[in-house]
Amino acid sequence: MFRNLIKAISLPLFLGLPLVACTNGNSTTIKFSAKAIQKVCEIPLPAGYSRVVYDSASFSYWLQQFALKSDPTVYLYNGDRKRNQWPSFAVLNISTGNKDLQQCADAVMRLRAEYLYEKKTKGPILFFDNNRKEYRFSVTGSRTEFNKYLEHVFSWCGTLSLASQLKAKKSLEAIRPGDVFIKGGSPGHAAMVMDVAENNAGDKIFLLMNSYMPAQDMHIVKNPSSSTLSPWYSIRQKPRFELPEWVFYENQLMEW
């Protein structure tokens, strides 16, 4: 969400991802305890589905390997337990900060920035505010400098500016981890695709992550439209994708 005042935030060091990659197996059941999984790619699949394999250097693969907390409880930036817990299936193992800054679009930008910073990719990390002012950061900068950079991004960039920076996805069938469902504005919202799987018929399913207001833990959301498929969403649910606290439409899917 867009804030017009810069606020101080404390962002602890990023919690590293496990080094061992997940296998690409499928599951005959999706009923299990979230406490038994450690990474996004360990979330079981519905029968007949297998995870889509991506290049190990890609953003998509990086998201699939992302670490999860053993406790699916969502906490706010101030340490309070979020009142509404039912939307959360699993919580990402990454800091939220101690100020009300890292909300929906901020969580999306945080993951993108963390990937670029960790991989030391060519070119700067770059986001824009609503006036198209650029916020750049060199991946060679220190972690302290990086945290300060994120403070400014979270303070001045939001759903509206991020939606103008991303590109419209041409095909829902081409969905991949890292794509973003987003509606810019006030109110607006953003959720990131974290994993994708498909069956032999080419039908695809995907996981969604979001933060919300007030700033809170990034979490994999449940699918309130299908108790048997949840937390997975199917592209067959188009054009309407109902999240526990928001609704997106097919034409709101974007990519970097």
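**Close-up views of a predicted model**

The chain has four helices and 13 strands. The model shown is predicted. Of the 256 residues in the chain, 55% are buried. Among contacts with a separation of 6 or more, 64% are between residues 24 or more positions apart.

**View 1. Helices α2 and α3 cross at roughly 155 degrees.** Helix α2 covers residues 104-119 and helix α3 covers residues 143-156, and their axes come within 11 Å. Angles over 145 degrees count as roughly antiparallel, so α2 is roughly antiparallel to α3. The crossing of the two helices is right-handed. On the α2 side, the contact is made by Asp-106, Met-109, Arg-110, Ala-113, Glu-114 and Tyr-117. Helix α3 contributes Arg-143, Phe-146, Leu-150, Val-153 and Phe-154. By class, the residues of this contact are seven nonpolar and four charged, with no polar ones.

**View 2. Strands β3 and β4 form a hairpin.** Strand β3 spans residues 125-128 and strand β4 spans residues 134-137. The two strands run antiparallel and are joined by four bridges. Phe-127 has Tyr-135 in β4 as its bridge partner. Five residues lie between the strands, and Arg-132 in the turn has a positive phi of about 70 degrees.

**View 3. Tyr-233 is found in strand β10.** The strand consists of residues 233-234. Buried means under 20% relative accessible area, and Tyr-233 counts as buried because its relative accessibility is 0%. Leaving out residues up to four places away in sequence, Tyr-233 touches Lys-204, Ile-205, Phe-206 and Leu-208, as well as Val-221, Lys-222, Asn-223 and Pro-224. Glu-242, Leu-243 and Pro-244 are also touched by Tyr-233. The C-alpha atoms of Tyr-233 and Leu-207 are separated by 6.3 Å, although these residues are 26 residues apart along the chain.

**View 4. Gln-252 lies in the loop between β12 and β13.** Strand β12 comprises residues 246-249 and strand β13 comprises residues 253-255. Gln-252 counts as buried because its relative accessibility is 15%.

Methods:
Residues are numbered from 1 along each chain as its sequence is written. This is a predicted model: local features need pLDDT of at least 70, side-chain atom pairs count only at pLDDT 80 or more; totals for chains, interfaces and linings use all residues. Side-chain values use heavy atoms; hydrogens and water are left out. Buried means under 20% relative accessible area, exposed over 50%, partly exposed in between (1.4 Å probe, protein chains only). Axes are lines fitted to C-alpha atoms, for helices over the stretch in contact, and angles run from 0 to 180 degrees between N-to-C directions. Angles under 35 degrees count as roughly parallel, over 145 as roughly antiparallel, 65 to 115 as roughly perpendicular and the rest as oblique. A crossing is left-handed if the near helix is turned anticlockwise from the far one by less than a right angle, and right-handed if clockwise. Contact means heavy atoms within 4.5 Å. Ala, Val, Leu, Ile, Met, Phe, Trp, Tyr, Cys and Pro count as nonpolar, Asp, Glu, Lys and Arg as charged, and the others, Gly among them, as polar. Two strands pair if DSSP finds at least two bridges between them.
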